[in-house]
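Please look over the sequence and the structure shown here before reading the briefing that follows.

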2 protein chains.
Amino acid sequence: MIIKKVESVSKVKVIDDGVKDVEKQVLLGPDDGVPNFIMRQFTVQPGGYTFYHTHDYEHEVYIVSGRGIARNDKNEVAIEKQNVILVTPNEVHQFVNNGTEPLVFLCLIPKS
Amino acid sequence: MIIKKVESVSKVKVIDDGVKDVEKQVLLGPDDGVPNFIMRQFTVQPGGYTFYHTHDYEHEVYIVSGRGIARNDKNEVAIEKQNVILVTPNEVHQFVNNGTEPLVFLCLIPKS
């Protein structure tokens, strides 16, 4: 059994033209020997956003705190603490923090 | 994109001799068409506990609120909000709420 505190896991700033003010933590991942899927936590500062992109695997998202918008190519939907979101494979998506507090969410993906 | 509120997902009481005061919510699962893994949330009332058992798949756990104990066949470790836990395949485990508030945690498993 591996037990950690979220705050003990390094935050890495995501540097890319399509991303603003996003930090990533790999809470449970390959270094822990996960067999099938990876638990990451993202922190998006007010005014920040994740990639507007698509890929061939899903996201399972749980909003820990804050509020924002989930976008795909058809809709923008308000999201907040205690929303869960399934982004299906090949679905365009982006998470935007339009609030005043950090938007913190878990985002799980299959291990490649 | 499927978006839900956690509170909108039905809580089902887990009825079994080896379990006390545990409710389960399937936040993202087969009914949502998840491709690879299932996000469940468990609520354990004070004095309650989950199965002391083992199985051939992993758990990835994120403590949302409350406090308790994670047991395996060697140790008992205090857990609380913002701990993450990897239970490896075939590892004996149990979660016990020895606190005064509900112990709420996400527990993800691979889709069988």
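**Briefing on the two chains**

In E8(B), Val84(B) is the bridge partner of Lys4(A), and strands are DSSP runs (E, at least two residues) that, like helices (H or I, at least four), are numbered from the N terminus. This is a predicted model, in which local features need pLDDT of at least 70 and side-chain atom pairs count only at pLDDT 80 or more, while totals for chains, interfaces and linings use all residues. Residues are numbered from 1 along each chain as its sequence is written, and chains are lettered from A and ligands numbered from 1 in the order in which they are written.

**Strand pairing across the chains**

- Strand E1 of chain A, residues 2–5, runs antiparallel to E8(B) and pairs with it over 4 bridges, where pairing requires that DSSP finds at least two bridges between two strands.

**Relation of the copies**

- The same surface serves both copies, since 100% of the contact residues of chain B recur in chain A.

**The contact between the chains**

- The contact takes 34 residues from chain B and 34 residues from chain A, two residues being in contact if their C-beta atoms, placed from the backbone, lie within 7 Å.
- On the side of chain B that touches chain A, the largest share, 5 residues, comes from E8(B).
- The residues on that side of chain B divide into 22 nonpolar, 5 polar and 7 charged, where Ala, Val, Leu, Ile, Met, Phe, Trp, Tyr, Cys and Pro count as nonpolar, Asp, Glu, Lys and Arg as charged, and the others, Gly among them, as polar.

**A residue in contact with both chains**

- Tyr62(A) touches Val84(A), Phe105(A), Leu106(A), Met39(B) and Leu106(B), not counting residues up to four places away in sequence.

**Positive phi angles outside glycine**

- Asn90(A), in the loop between strand E8 (83–87) and strand E9 (94–96) of chain A, has a positive phi of about 70 degrees although it is not a glycine.
- Asn90(A) is exposed, with 10 other C-beta atoms within 10 Å, on a scale where 12 or fewer means exposed, 20 or more buried, and anything in between partly exposed, with C-beta atoms placed from the backbone.
- Asp21(B), in strand E3 of chain B, has a positive phi near 55 degrees and is likewise a residue other than glycine.
- Asp21(B) counts as partly exposed, with 17 C-beta neighbours inside 10 Å.
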